[in-house]
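Please look over the protein shown here. Have the chain in view as you read.

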Amino acid sequence: MTHDRTIARRQIEGSKKDKTHLTFVFAANADGSHKMEPLIIGHAQRPCAFNRKSGEQLGFYYRSNAKAWMIGLIFREWLQKMDQQMQDANRKVLLLLDNAPSHVVRDLPLTNVQVFLFPANTTSKIQPMDAGIIAAFKRRYRRFQLQDAIDRDEQQKADIYKVDQLIAMKWAKAAWNDISSKTIANCFKHTGLFERETQKNEVGSEEQDIENELKDAINQLPISRPMSVHELINPEEEQQVAHEEISDEDLIKLSSSQDQEEEEDGEVMDENPPMSTKEKLNVLHSCISFLDLSNPNHVIAHKVLRNIQFEIRTIKKKTNYFR
């Protein structure tokens, strides 16, 4: 997705709209102290960007089908996994869900999760995820996307918005982890299902700061007719329903088509081949030398970069030891 209502000022020859999409499943408790690992649903079981590895090997809870939709089979697996986690933690929870076709819970032997399905046409009003949590996720995800587009534009890349599925998944996971417990708790309270809303100004300020970052980033891109932040966060193509309860026959068709989807998923982005340990350390050294330690923000960045530097050197030392 580009961020221009028309086209970028620098024409992208031979480019076409990428129709690849992912579905994300998020869950969190009412005070924001526990966020479940996001479930990600894609088109192919092992996309080219995975480099022949599974989603689990890459550190993701990942499932797939030809449409990259939530289907009943995946939902029931996810729900049973949650129930098992709650059993292990000795917790009992009430799970609030919209009444999407895929949300079928009949005959599931749940012991620690009780499911409540919202009545039709009420999700946008009382579903906590729709009360600001998903919007907070999208702001953070788009921030990663815009920052990357600016980098690619500075490097004179042909398609500044091109990104492979694995990178997109990494951005999404980082964006979800970045949402604060205060933001989540405020969104739950905003629905009116719980106690009255508090800390609204503090949380609102945090989200407004990110929106301002998005505006600044859009203005740095070669765009003739930029989208508004609202359009960026809520594009039309993301409004379609991504749930479906399918028959056994359709399920077989979806499963048999995944091998073909894997082959057609596209080329692996090899514009930036893996860096050697020496190259990584040289880049970090250059970044550190640029910092002005009289600037408090630079001091924070300095600490982060030094920690990364230490981790890389530790891995290098262990690798050399076992040779």
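## Overall make-up

This is a predicted model. The protein has 323 residues, and 37% of them count as buried. Its secondary structure comprises 11 helices and seven strands.

The accessible surface comes to about 19900 Å². Carbon and sulfur atoms hold 50% of that area. Among contacts with a separation of 6 or more, 67% are between residues 24 or more positions apart.

## The three-stranded sheet

Three strands make up an open sheet in the order β1-β2-β3. The pairing is mixed. The edges are β1 (23–25) and β3, each of which pairs on one side only. On average, neighbouring strands of this sheet are turned by 25° against each other, direction ignored. Helix α1 packs on the sheet and touches β1, β2 and β3. The direction of α1 makes about 160° with that of β3.

Now the pairings. Strands of a sheet pair through backbone hydrogen bonds, in parallel or antiparallel fashion. Here β1 and β2 (residues 39–42) run antiparallel, joined by three bridges. Phe24 stands opposite Ile40 in β2. On the other pairing, β2 and β3 run parallel, with four bridges between them. Gly42 has Ser64 in β3 as its bridge partner.

Which residues of β2 lie on each of its faces? Leu39 and Ile41 are on one side, and Ile40 and Gly42 are on the other. These four residues are all buried, and both faces of β2 are covered.

A search of the whole structure finds eight salt bridges. One of the pairs is Arg63 with Glu77, whose closest N and O atoms are 3.0 Å apart. Arg63 lies in strand β3 (residues 61–64) and Glu77 in helix α1 (residues 72–88), so the pair ties together parts 14 residues apart in sequence. The helix in this pair, α1, is the one that packs on the sheet.

How open are the two partners? Arg63 has a relative accessible area of 32%, so it counts as partly exposed. Glu77 is also partly exposed, at 29% relative accessibility.

In one, the side chains of Glu207 and Arg139 meet at 2.8 Å, N to O.

Glu213 lies in α6 and Arg143 in α3, so parts 70 residues apart in sequence are tied together. Are these two side chains buried or partly exposed? Glu213 is partly exposed, with a relative accessible area of 37%. Arg143 is buried, at 17%, because buried means under 20%.

These residues belong to a network of salt bridges. The network links Arg139, Arg140, Arg143, Asp178, Glu206, Glu207, Glu211 and Glu213.

## A nonpolar surface patch

Which residues form a nonpolar patch on the surface? They are Ile300, Val304 and Ile308. Together they have about 250 Å² of accessible area. Ile300 sits in helix α11 (residues 296–321). Its relative accessibility is 55%, so Ile300 counts as exposed, the cut-off being over 50%.

## An exposed loop residue

Asn121 is in the loop between β6 (113–117) and α2 (123–126). At 72% relative accessibility, Asn121 counts as exposed.

How far apart are Asn121 and Asp98 in sequence and in space? They are 23 residues apart in sequence. In space, the distance is 9.0 Å, C-alpha to C-alpha.

Technical notes:
Residues are numbered from 1 along each chain as its sequence is written. This is a predicted model: local features need pLDDT of at least 70, side-chain atom pairs count only at pLDDT 80 or more; totals for chains, interfaces and linings use all residues. Side-chain values use heavy atoms; hydrogens and water are left out. Patches are made of residues with over 30% relative accessible area and no salt bridge: like charges are joined within 9 Å, nonpolar side chains (Val, Leu, Ile, Met, Phe, Trp, Tyr) within 5 Å. Accessible areas come from the Shrake-Rupley method with a 1.4 Å probe; for residues, only the protein chains shown count as cover. A salt bridge is a side-chain nitrogen of Lys or Arg within 4 Å of a carboxyl oxygen of Asp or Glu. Helices (H or I, at least four residues) and strands (E, at least two) are DSSP runs, numbered from the N terminus. Buried means under 20% relative accessible area, exposed over 50%, partly exposed in between (1.4 Å probe, protein chains only). Two strands pair if DSSP finds at least two bridges between them. Axes are lines fitted to C-alpha atoms, for helices over the stretch in contact, and angles run from 0 to 180 degrees between N-to-C directions. Contact means heavy atoms within 4.5 Å.
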